[in-house]
Structure formats: C-alpha cells, structure tokens
Amino acid sequence: MAKTIGIIAIKGGVGKTTVATSLATDLANHYDKKVLLVDANFSAPNLGLHMDILEPEKTIHHILDKKIHAKSAVIEKFGVDVIPGDYVYNRELPVLKLKDKLASLKDSYDFVVLDSSPSLNDEVFSTILASDVLFVVTTPDYPTLSCTIKAAKLARQRGRPIAGIIINKIRDPRYELNIHDIEESLDIPVVARIPDDKQALRSLFTRIPLPVYKKNSPLSKEINRLNAALTRNKEKKSFIQSIMPFDFKKERINRELLKDSFYSKTFKH
Ligand SMILES: Nc1ncnc2c1ncn2[C@@H]1O[C@H](COP(=O)(O)OP(=O)(O)O)[C@@H](O)[C@H]1O
Ligand SMILES: [Mg+2]
C-alpha cells in the first residue's frame, strides 16, 4: 500500500510543484519505485506544465466530478504515473473527496505524491486529509515563514502533523533565515535545504523535471538525499563528505530520524 505524501504551502511560487515533480521522478528513476503524482491544485493546476502534459483529456477534475474512474486518467511520463489537472475546468467540485477517489489506486504504488494548492480553503485541506505524511515547502524569508507557520497550525489541527520542512531557493544565507530560526519558529525538523538552482528555469522551459533533466544539479541532489530517507537507503555522499569523520549538518541528522518515523505509526492514519 502506497504512502501518500502531500506537498503543501500556503503561498504560491515557493516551489511546491517543482518539489513534488522532482520527488516523484527521482523516486521512480533513481530508486525504482512505483509512483503516482497527482495535481491537487484544483483552481490553478499546472503540474502538467512541469511534466510535459499539455492537453490532458482526462483529469483529476473529471474524477472528482464522477465522470470517470481514477485509473483511466493516468498518463505515464518520465517513469511516473501522473493524474494531471484540467487547466480550464470551472465547475464546483467536491474536492474533499480526493482521498476516497484515490483509494482504489493506492495498492498499485509505493508512493502517491500530491501537489497541493496554496489556497487556504478546502483545496489545501483535501491534500492534508488525503496524505499520510506532509511536507511543507518554505523559502527562507519572514513573509513566507509567517504563511508556513499558518500551514503547520492547520495541519496539526486536522491531525496530520507535518513531517518535515523543505527550505527552497536559498540564495544568500547572510540575508536569509537560517535552519535554526525556521525550526525554532515551527517546532518541526528541516529535512532538506535546496539552493536556488539555475537549472530549475531550464527544466521548466523544457518541461523535463530536474532529476531527469540534470540529476547532478543542486536541487536534484538534495531531493535525492531526502528520497534516500523515504526509501530507507543510504544518502550518496561526495568524496569529501565520505572522508569526514562527523557530519554535523542538521538536516542530514533530521533525515536519519525521518527514516524511522516515516514508517512508524505516528504518520499513519
Ligand atoms: N530551487 C529553485 N531554484 C530556482 N528556481 C526554482 C527553485 N524551485 C522552484 N523554482 C522556480 O520557481 C517558480 C515557482 O515554482 P513552482 O514549483 O511552480 O512553485 P509553486 O508550486 O509553489 O507555486 C518556477 O519558475 C520554478 O522553476
Ligand atoms: Mg504549484
């Protein structure tokens, strides 16, 4: 039975879709996992634009609208099964049914990855409720952190505590919040620190997710380290890291702890 991972943030542009597509394609291509990736950003779906799906015929919108069975909307891309969104659907949908609608597919996968909406309404709740484990993406600045605090509170209220923070787009640590500031404000471990990655622009332009487009880019490498924890593998280390007797990187220690907690009861329903 698959573990469903929800990628949330109550802010657009922080990198939810980039992280969701990268996690999914890395798990499939570099850890040989069966992965279903779903666009749960119902009012502004754009997962397809990251995954080279431009004109999907069947979508998560049709599934929620009871028009089709979930399985029939699956499209295989970059080794991942994808259920895209409909770019122009404008009818009211029972979005909180997402979990029920995906239930029949869970047996066929190792992981289901949900790319969520930033809207602070039923759209983000649908992902929170459908997930076994949540990661919140934040950028290292005060305005985004304040939204991230809100997201963490919401998830806790719904009984789905966030398993880890993913800090994305780190540009100049001298002028940004550091890992300690962020962990202290949220009381949640940081499990990945992703630098601003020039290749992200190229990846989006070519519509090839970064772990497939350039597996050695900084973003791809950090996602691969996070996935090592999610699949209980050892992280790949550079030569320098492998000869260092100790590694004090806080996020690396947090990922080691995540390896156990991810499969423990705490994060199950
Ligand atoms: N680590 C990164 N470095 C550089 N650009 C990034 C990074 N992560 C995401 N981006 C870019 O930021 C933009 C918004 O990312 P996206 O994943 O669509 O955010 P969201 O889903 O949260 O709205 C995209 O242009 C994407 O390529
Ligand atoms: Mg998005």
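User: How many residues surround ligand 1, and which are the closest?

Analyst: A residue is near a molecule if one of its heavy atoms lies within 4 Å of it. In this predicted model, 17 residues surround ligand 1. The closest are Gly-13, Lys-16, Thr-17, Thr-18 and Asp-197. Residues are numbered from 1 along each chain, and side-chain values use heavy atoms, without hydrogens and water. Local features need pLDDT of at least 70, and side-chain atom pairs count only at pLDDT 80 or more.

User: What kinds of residues form the shell around ligand 1?

Analyst: Ala, Val, Leu, Ile, Met, Phe, Trp, Tyr, Cys and Pro count as nonpolar, Asp, Glu, Lys and Arg as charged, and the others, Gly among them, as polar. Here the shell has six nonpolar, seven polar and four charged residues.

User: Which polar side-chain atom lies 2.8 Å from an oxygen atom of ligand 1?

Analyst: A polar contact is a pair of N or O atoms within 3.5 Å. One such atom belongs to the side chain of Lys-16, 2.8 Å from a ligand 1 oxygen. The side chain of Asn-168 has an N or O atom 2.8 Å from a nitrogen of ligand 1. A polar backbone atom of Pro-195 is 3.0 Å from a ligand nitrogen.

User: Which elements give two or more residues to that shell?

Analyst: Helices (H or I, at least four residues) and strands (E, at least two) are DSSP runs, numbered from the N terminus. The elements are helix H1 (16-30), strand E7 (162-170), strand E8 (190-195) and helix H8 (199-206). H1 gives the largest share, three residues.

User: How many salt bridges are there in the whole structure?

Analyst: A salt bridge is a side-chain nitrogen of Lys or Arg within 4 Å of a carboxyl oxygen of Asp or Glu. The search finds 13.

Key
Chains lettered and ligands numbered in written order. Polar contact = N/O pair within 3.5 Å; in protein donor to acceptor, adjacent residues only side chain to side chain.
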